Amino acid sequence: MTILQAIRNNVPNAVTCCNLLSGALACIASFHAFESWWWGLQGYQVAFVLIAAAAVFDFFDGFTARLLHAVSPLGKELDSLSDAVSFGLAPGMVLYNMLVKFVPDCPCFAYVAMLIPVFGALRLAKFNVSTDQSTTFTGLPIPANAIFWIGFTNFYAESHANVPTWAVAVLVVAFSLLMVCNLRMFSLKLHSLDVKENYKQYLLVLAFVLLVAFFGVTGLAGAILFYIVLSAITKQD
């Protein structure tokens, strides 16, 4: 193997490592949740940016691997490990640090947030051993779960006094179980531009745009709820 071939084969892994690094930095930012940290943003907002960056790297590592014909078992395992940090541990740590601040009388309650990375890892493990999740998913994908928690924790940071503690626990348990349940959910990948064939994907994109336009970052949580409901009421091929 030449040096150029070795570099080419490891470019996708380097992109995946950027995903992992973004997730790790998001975990650090979460411990500065309500401090002015980077660029005038509070720590939890920086964590949102870093999780979003991880999602971009997560998309491009697979794209790069296919483009360079450098798909490998190592890359697949590295991708899952990175996703567990960026889309499991990072949003879990953001919620944990918010609960520590907002529920000071019951510090142990904050540990309920650790269900997010635990069930996220289970979701990834199930995906890795599955052979029927190329065009549809079984259970809520871990990146979609992370997007929900970005939206919800943004809302929680802005209006925590109006959110009962028990409701947070119910949401954590519900979304953890959604990741490992047998609900069939459609993929966002478009195999053509045909509206009839991909109407669910187009509806979801429209929902994302409208909800974020009207509600800002909080709208992301509503968009994921729409995704879950739309998957539940429509037939998955």
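Student: Which residues do ring pairs link into a cluster?

Tutor: Good place to start, and keep in mind that this is a predicted model. Ring pairs here come to a count of 16 aromatic pairs. The cluster that ring pairs link together is made of Phe-34, Tyr-44, Phe-48, Phe-102, Phe-148, Trp-149, Phe-152, Tyr-156 and Phe-175.

Student: Are the planes of Phe-127 and Phe-137 stacked or tilted?

Tutor: A pair of aromatic rings is described by the distance of the centres and the angle of the planes. For Phe-127 and Phe-137, the centres are 6.4 Å apart and the planes meet at 50 degrees. Planes under 30 degrees apart count as stacked and those over 60 as edge-to-face, with the rest tilted. The angle of 50 degrees therefore makes the pair of Phe-127 and Phe-137 tilted.

Student: Is Phe-137 buried or exposed?

Tutor: The cut-off for buried is under 20% relative accessible area. Phe-127 has 33%, so Phe-127 is partly exposed. Phe-137 has 18% relative accessibility, so Phe-137 counts as buried.

Student: What is the angle between the planes of Phe-152 and Tyr-156?

Tutor: Both of these residues lie in helix α5 (residues 142-159), four residues apart, or about one turn of the helix. Phe-152 and Tyr-156 are both buried. Their centres are 5.8 Å apart and the pair is stacked, with an angle between the planes of 15 degrees.

Student: How far apart are the end C-alpha atoms of helix α3?

Tutor: Helix α3 (residues 73-102) has 30 residues. At 1.5 Å a residue, α3 should span 44 Å. The model agrees with that, because the end C-alpha atoms are apart by 43 Å.

Student: Where does α3 bend?

Tutor: Helix α3 has 21 of its 30 residues buried, so α3 is largely enclosed by the rest of the structure. The bend is about 30 degrees, and the proline Pro-91 follows within four residues. The bend itself is at Leu-89.

Student: Which helix gives the largest share of the nonpolar patch?

Tutor: The nonpolar surface patch covers about 880 Å², and its residues include Val-195, Leu-206 and Phe-226. Leu-206 is partly exposed, with a relative accessible area of 45%, and has its place in helix α7. Seven residues of the patch, the largest share, come from residues 199-215, helix α7.

Key: Residues numbered from 1 in each chain as written. Predicted model: local features only at pLDDT ≥ 70, side-chain atom pairs only at ≥ 80, totals over all residues. Heavy atoms only, no water. Helix = DSSP H or I, 4+ residues; strand = E, 2+ residues; numbered from the N terminus. Expected span 1.5 Å × (residues − 1). Bend = angle between axes of the 7 residues up to and from the residue. Buried < 20%, exposed > 50% of the residue type's maximum accessible area, 1.4 Å probe, protein only. Patch = residues over 30% accessible without salt bridge, like charges linked within 9 Å, V, L, I, M, F, W, Y side chains within 5 Å. Areas by Shrake-Rupley, 256 points an atom, 1.4 Å probe, with all protein chains shown as cover. Salt bridge = Lys/Arg side-chain N within 4 Å of Asp/Glu carboxyl O. Phe/Tyr/Trp six-rings, centres within 6.5 Å; stacked < 30°, edge-to-face > 60°.
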